[in-house]
Structures are given as structure tokens and as C-alpha cells.
Amino acid sequence: MDDNWTDPGYIDPVALRNTMGAFPTGVTVITTTTGGTTPVGLTVSSFTSVSLKPPLLLVCVARTAGSLPAFRVGKHMAVNVLGRDQESVARLFAGRSEDRFAGLDYSSSANGSPLLAGTSAWVSGFVERIYDAGDHVILLTHIEEMQRNDKSPLLYHSGTMHDWNEAALTYEI
Ligand SMILES: Cc1cc2nc3c(=O)[nH]c(=O)nc-3n(C[C@H](O)[C@H](O)[C@H](O)COP(=O)(O)O)c2cc1C
């Protein structure tokens, strides 16, 4: 539908993004390969744990993302949870660099997904389903492997990345 300020149900996308920015997240780089070996990745904050049994995660990717065609149903992929000192990596994988992996330290998971060095954690699996969701798609991924590292994460809030400052409240879930 066309943008229409006279429609009482109209939600301004900029105001919506500002409001959603009140909710803090981490920052990830989702990765896969094309042609079996060429690594592909983009920065994504819309990452959520979905289910423990079966183990599922989701990420939301803009339809306009140039990397999206590389993430097809059945493809292996990884979610790299960036560490507190990896803001430059987040910017690199959100920017216009031709080869985002050039000069970066990375390896492969058992299923062949690119894993960035220096992350707080990574989770890897295969794309189980892709759902249409407006100007984004939802990738639902079945988790096969994972690793938690001893490193604090990079945070994202109100359009700004933040270093984790270790200030913790006492309530534990
Ligand atoms: C902190 C941060 C979070 C982002 N989160 C998302 C996201 O959740 N989904 C998305 O599609 N793009 C997200 N982006 C934007 C993409 O990283 C950016 O559009 C990138 O250039 C896409 O690369 P591509 O066009 O090569 O696929 C985010 C960018 C930043 C800096």
C-alpha cells in the first residue's frame, strides 16, 4: 500500500524504527557460501532464539539485501555473535566493501559455514524455511552446531552500537 498520512492506521516507518530501537539487541554477522566455498555475509541484529526442541533460530533479512539470494532453503549458514570489540566488523559487513572477508581471520564450521574469529558465540545450521514478511523475509534455521566463547558481546540500541560495560542487575532468569 502507498504511504498515506491521512490513513488513521498509517505507521510512519521512521518513527517505527525509532520506537523499535528502544529494544536492545546484540549484533551478528550471518554467513553462508556461494559456489560451495566463496564466503558471503551481512550484519544482522534481528536474530532470535525460537525453539529448543527442535533447535531453531530466526533472522530477518531485507528483501533488498544483495546477499539474500545466497541464503536459500537447505543451505548451511552461521550466525556469528560479535564480541564487544567488533564494531568495525559490524560496519564492514553492513558496508559497500566488495570482499568483506579480505584480510579477516575466519574458519569454517563442520557444515562449511564461515565462522569469524573473535566472536562471543556462533550458531550454525541449515535454512529450514523462508517466510515472506513485508519488506523483509524471515529465515528459520535448524541448528546443528554451536559454540559459546568467553567474550562479552557487542550491543545495539537506538541505532548505536555499545560496548558491554558489565553492569548487571541482580535478577537472574
Ligand atoms: C547494527 C546493524 C544491524 C543490522 N541489522 C540488519 C537486519 O537485522 N536485517 C537486515 O536485513 N539488515 C540489517 N542491517 C543492514 C545490513 O547489514 C546492510 O544493509 C548490508 O549492507 C546488507 O548487505 P548486502 O546488501 O550485501 O546483503 C544492519 C546493519 C547494522 C549496522
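In the predicted model, strands β2 and β3 form a hairpin with 3 residues between the strands, and Gly35 takes a positive phi near 60° there. Strand β2 covers residues 28-34 and runs antiparallel to β3. The pair is joined by 7 bridges. Strand β3 spans residues 38-44. Of its 7 residues, 5 are buried, so β3 is mostly covered under the cut-off of 20% relative accessible area.

Thr28 has a relative accessible area of 2%. Buried means under 20%, so Thr28 counts as buried.

The surroundings of Thr28 extend beyond its bridge partner. With neighbours within four places in sequence left aside, Thr28 is in contact with Leu42, Thr43 and Val44, among others. Phe47 is also in contact with Thr28.

The wider setting comes from a database record. An unreviewed UniProt entry places the feature "domain: Flavin reductase like" at residues 20-163. In the model, this span is 51% strand and 5% helix. The C-alpha atoms at the ends of residues 20-163 lie 20 Å apart.

How values were computed:
Residues are numbered from 1 along each chain as its sequence is written. This is a predicted model: local features need pLDDT of at least 70, side-chain atom pairs count only at pLDDT 80 or more; totals for chains, interfaces and linings use all residues. Side-chain values use heavy atoms; hydrogens and water are left out. UniProt positions are given in the numbering used here, feature names are shortened, and annotations may be inferred rather than shown by experiment. Helices (H or I, at least four residues) and strands (E, at least two) are DSSP runs, numbered from the N terminus. Buried means under 20% relative accessible area, exposed over 50%, partly exposed in between (1.4 Å probe, protein chains only). Two strands pair if DSSP finds at least two bridges between them. Contact means heavy atoms within 4.5 Å.
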